[in-house]
Amino acid sequence: MTIAIQDPTAVLDQSSSAISASQTAADTGRRIVTGDRPTGPLHIGHYLGTLVNRVRLQETGCAVTIVIADYQVITDRDGTGPLRDRVRTLIAEYLAAGIEPDRSVIFAHSLVPALNQLMLPFLSLVSDAELNRNPTVKAEALASRRSMSALLLTYPVHQAADILGQRGTLVPVGKDQLPHVELTRLIARRFNDRYGTIFEEPEALLSTTPAVQGIDGAKMSKTRGNTIPLGAGEDETAAIIRSARSDGLRRITFDPIARPQVANLLTIVAALTGDDPHQVADRVGDGGAVALKTLATEVINESLRELRRRRAELLTDVGYLDGVLLDGSARATATALGTLEEVRRAMGMDYFSG
Ligand code: ATP
Ligand code: MG
């Protein structure tokens with residue numbers, strides 16, 4: 001079977017119809033802020049859900065800022081894990097995917113402490129009932145198999161500080177993040193009402209594949225261990241996909257309701273090739289799950305070959321990767337301090353600055 005792989009940044013140029021950002025996404029004036037937790041290597045869900053959109057927006061001239069949310073690692077686990085290696089791997093993966101550190105900013109939360117101070121006034125703007133209603137926070141507490149920590153409950157407020165502190169106006173994220181972006185909008189609105197307008201309400205930007213499933217049928221996520229990592233080897237990718245849940249029907253059809261796992265593989269292939277998932281299903285025809293998995297493996301390996309090569313090369317130069325983080329964090333600190341100054345002035349918190 002011949003596979004035509006297309007530049008994935010060309011596929012993901014639409015946002016969900018539920019989100020109003022699509023018309024303006026290409027505006028060069030948009031400030032993009034988004035991020036990831038350094039809880040493990042990036043996977044195909046990140047790639048299709050947000051990373052490709054970040055690169056595309058960078059290419060259209062938007063200022064892109066990526067938060068490595070290291071303090072958010074401990075929202076749902078006891079320790080921080082091998083942070084240094086994980087953070088270096090994330091940076092290598094961003095750069096391998098096309099993020100350019102001269103144009104875009106990559107920073108770690110722990111290196112920009114000014115952002116934490118913003119969280120205090122923001123916490124005062126939301127109620128515990130509003131925080132407790134957040135479906136993503138509830139799902140994450142459940143997946144962590146432990147009781148909800150106060151940090152997990154307030155995680156979306158922390159995120160509001162990341163986004164608004166960097167003056168983000170467009171946030172390319174997966175579907176799980178929509179309630180959080182909604183809360184950031186609410187916080188911006190309430191702050192403006194109470195203290196005078198200084199924030200623009202940011203909008204979420206979804207890709208056409210905003211909720212990629214893992215090989216077990218649940219949301220693909222680092223915590224659940226059900227991922228197809230971007231950095232996996234080709235044989236490893238084949239083995240992972242072979243173990244993905246599917247069904248026994250020979251005829252492959254695209255039916256997200258009745259056949260979610262088959263639809264998920266078709267969706268991944270479609271996003272990477274630029275085809276319609278129904279067309280991909282027709283191409284596999286009566287080949288059943290085995291042919292679909294073979295096709296998915298080929299498409300994923302082909303699409304990621306160059307990214308994987310660059311990733312491996314970048315990981316040999318950790319000094320460079322660390323420099324990218326330190327430089328980005330210095331730039332993010334300057335922006336965060338500027339925002340904090342404005343916030344303190346608006347609130348009358350600068351009473352001792354003269
Ligand atoms: P963890 O299990 O540690 O929470 P994760 O795999 O959920 O890890 P995050 O770091 O929480 O990854 O998410 C980073 C970004 O990637 C967010 O914008 C999120 O919406 C997006 N994302 C994560 N998983 C998926 C997925 N399966 N499909 C689409 N987007 C995703
Ligand atoms: Mg997550």
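In the predicted model, the side chains of arginine 251 and aspartate 286 meet in a salt bridge at 3.5 Å, N to O, a salt bridge being a side-chain nitrogen of Lys or Arg within 4 Å of a carboxyl oxygen of Asp or Glu. This pair links distant parts of the chain, 35 residues apart, with arginine 251 in the loop between α9 (234-242) and α10 (260-273) and aspartate 286 in the loop between α11 and α12; helices are DSSP runs of H or I of at least four residues and strands runs of E of at least two, numbered from the N terminus. Arginine 251 has a relative accessible area of 41% and is therefore partly exposed, a class lying between buried (under 20%) and exposed (over 50%), for a 1.4 Å probe and protein chains only. Aspartate 286, at 49%, is likewise partly exposed.

Residues are numbered from 1 along each chain as its sequence is written. Local features need pLDDT of at least 70, and side-chain atom pairs count only at pLDDT 80 or more, whereas totals for chains, interfaces and linings use all residues.

By the salt-bridge rule, the count comes to 24. Among them, arginine 167 pairs with glutamate 342, with the closest N and O atoms 3.0 Å apart; arginine 167 lies in the loop between α7 (155-165) and β4 (170-172) and glutamate 342 in helix α13 (residues 318-347), 175 residues apart. Arginine 167 is partly exposed at 23% relative accessibility, as is glutamate 342 at 28%.

Conventions
Chains are lettered from A and ligands numbered from 1 in the order in which they are written. Side-chain values use heavy atoms; hydrogens and water are left out.
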